[in-house]
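Reader: Can you walk me through this one? I'd like the cut-offs along with the numbers.

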Amino acid sequence: MTVPLPPLPPTADDAYRPGGRSMADIADTEHRQLLGLADQVTDQRLSPERRREVAEVLTAAISRHLSAEEQYLLPAARAALPESAERVDRELAADAALLAALKSLGGPDDPALADVAARVRRHVEAVSALITPLREVATDAELIRLGNRWEIAEEAAPTRPHPGTPATPPWNRVVEPALGVVDKVRDAVTGRRTYLADLKRDARD
């Protein structure tokens, strides 16, 4: 069974292997990064200032990740794995709850951070269970083409939680890039950290 994809140039065919990274590999890598951030944000051995910085990056990373996942991975799973429809619906609801939890966070000592970390771990476990069968039914070319779209979507995605926005195509592909522009302007003005590289750079300084 193949995964329905947005239209491609007419010269592309099933034998063509595009360049880029598989969507499944990208999701797995980002899941590991999110788990690492979830561990750090609740680590009381770190200073409050460091945990605040980690929380900023975790919030931005989750916002970008869920945006791309809802645009491409979950629709692909629904289309290619008909038996997964209920699980996809549960993930969309869980994503909205995770974004709402992020939006309501206070400072680095907010006890709700533990709940956010638990939700991140649950998310990784649940979505990983969808990725495994998706790898089995999708071709390498399909997963790479989806991966290319994922990376473009993440670059345009919001960096702050917007739990009330559409979570399924086509509207999320229209609304979220617009919100992303606004978020990035706010990030630039405030100097907010939004990438893992920002934390690594701070650690070297």
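Author: Buried means under 20% relative accessible area, exposed over 50% and partly exposed in between, using a 1.4 Å probe on protein chains only. This is a predicted model, where local features need pLDDT of at least 70, side-chain atom pairs count only at pLDDT 80 or more, and totals for chains, interfaces and linings use all residues. Numbering runs from 1 along each chain as its sequence is written, and side-chain values use heavy atoms, with hydrogens and water left out.

Reader: Is Ser-84 buried or exposed?
Author: Ser-84 sits in the loop between helix 2 (48-80) and helix 3 (85-103); helices here are DSSP runs of H or I, at least four residues, numbered from the N terminus. Its relative accessibility is 1%, so Ser-84 counts as buried.

Reader: And which residues is Ile-62 in contact with, skipping neighbours within four places in sequence?
Author: Ile-62 belongs to helix 2, and because its relative accessibility is 2%, Ile-62 counts as buried. Contact means heavy atoms within 4.5 Å. With those sequence neighbours set aside, the partners of Ile-62 are Leu-34, Leu-98, Leu-102 and Val-120.

Reader: Within what arc do the buried residues of helix 1 fall?
Author: The buried residues of helix 1 include Met-23, Ile-26, Glu-30 and Leu-34. An α-helix has 3.6 residues a turn, so residues three or four places apart point the same way. The arc is taken over directions from the helix axis to the C-beta atoms. Seen down the axis of helix 1, its buried residues line one face, because they fall within an arc of 145°.

How values were computed:
Helices (H or I, at least four residues) and strands (E, at least two) are DSSP runs, numbered from the N terminus.
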